[in-house]
Amino acid sequence: MPAANVFAAGCASRVVLDHITSKWGVLVIVALTETSLRWGELRRGIEGISEKMLAQTLRTLEADGLVHRDAQPTIPPRVDYSLTDRGHELAAHLLPLVRWVGVNAGDIVGGR
């Protein structure tokens, strides 16, 4: 099967790129790389994300098959989020980018 033409306006890859390369999408995926986390743990760990954006991002990544939502019928309810196999595959590509950004951000932003 040929690869998607990411330069074509109507290509489905544009939707996927929009979801996974958003600031919050990248951070949620990277946060879930090592272990599953509860909603509150994600909210505290990703500084600056609003409740609305976290909920929206998790729903989108779950719909895309990158994040798994495990709701347990306990009182109070417990919901854990983790990466799917495809999400782990994506994270393996994103982590080097995030590391590169971390190393170079100061020089890039400071050089303006």
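**Note on the packing around helix α2**

1. Helix α2 (residues 23-31) and helix α5 (residues 85-110) cross at roughly 110 degrees, and their axes come within 9 Å. That makes α2 roughly perpendicular to α5. The angle classes are: under 35 degrees roughly parallel, over 145 roughly antiparallel, 65 to 115 roughly perpendicular, the rest oblique. Axes are lines fitted to C-alpha atoms, for helices over the stretch in contact, and angles run from 0 to 180 degrees between N-to-C directions. On the α2 side the contact uses Val26, Ile29 and Val30. On the α5 side it uses Gly87, Leu90, Ala91, Leu94, Leu95 and Val98. Contact means heavy atoms within 4.5 Å. By class, this contact of α2 with α5 has eight nonpolar residues, one polar and no charged. Here Ala, Val, Leu, Ile, Met, Phe, Trp, Tyr, Cys and Pro count as nonpolar, Asp, Glu, Lys and Arg as charged, and the others, Gly among them, as polar.

2. A word on the basis. This is a predicted model, in which local features need pLDDT of at least 70 and side-chain atom pairs count only at pLDDT 80 or more, while totals for chains, interfaces and linings use all residues. Residues are numbered from 1 along each chain as its sequence is written, and side-chain values use heavy atoms, with hydrogens and water left out.

3. The overall layout comes next. The protein chain has five helices and three strands. Along the sequence they run α-α-β-α-α-β-β-α. Helices (H or I, at least four residues) and strands (E, at least two) are DSSP runs, numbered from the N terminus. The C-alpha atoms fill a box of roughly 50 × 40 × 25 Å along the principal axes. Among contacts with a separation of 6 or more, 45% join residues 24 or more positions apart.

4. Of its 112 residues, 26% count as buried. Buried means under 20% relative accessible area, exposed over 50%, and partly exposed in between (1.4 Å probe, protein chains only). The accessible surface comes to about 7800 Å², and 58% of that belongs to carbon and sulfur atoms. These areas come from the Shrake-Rupley method with a 1.4 Å probe; for residues, only the protein chains shown count as cover.

5. What covers α2? Its buried residues are Trp24, Gly25, Val26, Val28 and Ile29. Their cover includes α1 (13-20), α4 (51-63), β3 (78-83) and α5.

6. The axes of α2 and α4 are 10 Å apart, at an angle of about 75 degrees. The two helices are therefore roughly perpendicular to each other. Trp24, Gly25, Val28 and Ile29 of α2 meet Met53, Leu54, Thr57, Leu58 and Leu61 of α4. This contact of α2 with α4 has seven nonpolar residues, two polar and no charged.

7. Beyond neighbours within four places in sequence, Val98 is in contact with Val26 and Val30. Val98 and Val26 are 72 residues apart in sequence, yet 8.4 Å apart in space, C-alpha to C-alpha. Val98 counts as partly exposed, at 29% relative accessibility. Gly102 also lies in helix α5. Gly102 counts as exposed, at 59%. Its C-alpha atom is 29 Å from that of Arg69, 33 residues away along the chain.

8. How many salt bridges does a search of the whole structure find? It finds one. The side chains of Asp80 and Arg78 form it, at 2.9 Å, N to O. The criterion is a side-chain nitrogen of Lys or Arg within 4 Å of a carboxyl oxygen of Asp or Glu. Asp80 counts as buried, at 9% relative accessibility. Arg78 counts as partly exposed, at 31%.

9. Check the peptide bond from Ile75 to Pro76. It is cis, with omega near -5 degrees. Most peptide bonds are trans. Pro76 sits in the loop between β2 (67-72) and β3.

10. Two more residues are worth a look. Ser13, in helix α1, is buried, with a relative accessible area of 14%. Not counting residues up to four places away, Ser13 touches Ala4, Asn5 and Val6. Glu51 is in helix α4. With the same exclusion, Glu51 touches Trp39 and Arg43. The C-alpha atoms of Glu51 and Trp39 are separated by 9.3 Å, and the two residues are 12 apart along the chain.
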